[in-house]
Structures are given as C-alpha cells and as structure tokens.
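Please walk through this model with me, one region at a time. Keep the sequence and the coordinates side by side.

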Amino acid sequence: MDVLVLTHAWRPLRRISWQLAFQWIFAGRAEVIETYPDRTVNSARRAWPMPSIVRFLRRVRRRLRPRRITFNRRNVWLRDRGRCQYCDQRVASDAFTYDHIVPRSRGGDTSWGNIVVACLPCNQYKADLTPEEAGMRLRRTPVRPRALPDRAATDLRWRAGMPTSWRDYLGTVAWWTDALE
Ligand SMILES: [Zn+2]
C-alpha cells in the first residue's frame, strides 16, 4: 500500500511505502491525516490503522529531489514522458516495452543513450534493425536525464486506481516547481 506524503503546508510531495510512513510516524516526523478503511498493520501487541495520507509535522527546508536518477524502467518511462519514441503513442507505465536503439545483437548496450520507450507494435516492427534500417525516426536523442520534472504529472496527479482519499490533495496545484516551504 502506498501512502501519500504532504508537506507541512499540505502540499502533495511524494508517494512512499507504508513501511516508511510508519517509520516517520513513530519517529515523530509525520502525522496521520487519513487511513485506509478496513486495513491494518498488525504488530504482536496491537493493530494499527493503515495510513493513506501523512503530513510532515515540520517544514522541510531542503528541496527533496532524487539524489541520482537511477537507470531503471520506470525512470526511462518518465524521461520519455510515457510515449513511444518512434510513433509518439502513449504507453502505460506498467506495460511498456523498451527498445534497444542499436539492437543488442549488434552490440548495442543497455544504457540511457541506447534505450527508449517503445510501444509493442513499433518494437516488433523494428526488431533487430537499427532505426535507419527500419526507416524509423527517434523523436529525440535519448540521454541521461538530469531531472525528471514530469514525475509530478505522472505520479501525483490523481487518477483512477489511486486511493480516493488522495483526490482532494492531488491534481490542480502547480506545486512541483515551487520551492518547498
Ligand atoms: Zn510506437
């Protein structure tokens, strides 16, 4: 279960695991704002309501940003704005394929510069060809991103499947670019 974290000023900050939320609660850093109905975390002694939203009790002065952007599927998807880099179609973050621009069979490596998000049809069409051979054009040259600004839009805009309790806190504010209080 994911927990939505709000800043001291009630702005959405990030999603975290419930385990981390409990650490912050017990450390006195965060308070519970909402809980999931009918969900508990059981310790030997008692059952705790499962938080769905927590809020920092103090202001966070330091701007929280990824220390270093890890090369993983999710971040590749974020870098490419969730779109196939050949045909620009949107692909779901949990169901996309990624394409080796220079195929592995031709010596292409698995790196920021050689991996892009691709929809399944484009990926299958391209197969073991280079983009030139397949007559396909990349929409942009992939590089290691310095920041993933769209994380706000993709992670923290309310959409179906997210806990309904988050809805009031997500979506409208252009909060990501603001410095944190
Ligand atoms: Zn495509």
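A residue counts as buried when its relative accessible area is under 20%, as exposed when it is over 50%, and as partly exposed in between. The model is predicted. With that cut-off, Phe-22 is buried because its relative accessible area is 9%. Phe-26 is at 52% relative accessibility, so it counts as exposed. Both residues lie in helix α1, 4 residues apart, which is about one turn of the helix. How are the rings of Phe-22 and Phe-26 arranged, stacked or tilted? Their centres are 5.6 Å apart and their planes meet at 35°, so the pair is tilted. Ring pairs also draw in Trp-18 and Trp-48, making a cluster with Phe-22 and Phe-26.

Now follow helix α1 to the sheet. The helix spans residues 18-26 and lies across β1, β2, β3 and β4. Its direction makes an angle of about 80° with β4 (47-56). The sheet itself is open, with 4 strands in the order β2-β1-β4-β3 and mixed pairing. At the edges are β2 (12-17) and β3 (30-42), each pairing on one side only. From one strand to the next, the twist averages 30°.

Take the pairings in turn. Strands pair through backbone hydrogen bonds, either parallel or antiparallel. β1 (residues 2-6) and β2 are antiparallel, with 5 bridges. Within this pairing, Val-5 has Arg-14 in β2 as its bridge partner. β3 and β4 also run antiparallel, joined by 8 bridges. They form a hairpin with 4 residues between them. Across it, Glu-31 stands opposite Arg-55 in β4.

Return to the aromatic rings. The whole structure holds 6 aromatic pairs. One of them is Trp-10 with Tyr-169: the ring centres lie 6.4 Å apart and the planes are at 15°, so this pair is stacked. Trp-10 sits in the loop between β1 and β2, while Tyr-169 belongs to the segment after α5 (151-155). The pair thus links parts of the chain 159 residues apart. Trp-10 is partly exposed, at 40% relative accessible area. Tyr-169 is buried, at 17%.

Which protein donors hold the zinc ion? They are the SG atoms of Cys-84, Cys-87, Cys-119 and Cys-122, lying 2.3 Å from the ion. Along the chain, their spacing is C-x2-C-x31-C-x2-C. The arrangement is tetrahedral because the 4 donor atoms subtend angles of 103 to 115°. For four tetrahedral donors, the ideal angle is 109.5 degrees. Cys-84 is buried, with a relative accessible area of 0%, whereas Cys-87 is partly exposed, at 35%.

Conventions. Residues are numbered from 1 along each chain as its sequence is written. This is a predicted model: local features need pLDDT of at least 70, side-chain atom pairs count only at pLDDT 80 or more; totals for chains, interfaces and linings use all residues. Side-chain values use heavy atoms; hydrogens and water are left out. Two strands pair if DSSP finds at least two bridges between them. Helices (H or I, at least four residues) and strands (E, at least two) are DSSP runs, numbered from the N terminus. Axes are lines fitted to C-alpha atoms, for helices over the stretch in contact, and angles run from 0 to 180 degrees between N-to-C directions. Contact means heavy atoms within 4.5 Å. Donors are N, O and S atoms within 2.8 Å of the metal (3.2 Å for Na, K and Ca); water is not among the atoms, so sites may look incomplete. Four donors count as tetrahedral if all angles lie between 85 and 135 degrees; four count as square planar and six as octahedral if opposite donors are over 155 degrees apart and all others between 65 and 115; anything else is irregular. Buried means under 20% relative accessible area, exposed over 50%, partly exposed in between (1.4 Å probe, protein chains only). Rings of Phe, Tyr and Trp (its six-membered ring) pair if their centres lie within 6.5 Å; planes under 30 degrees apart count as stacked, over 60 as edge-to-face and the rest as tilted.
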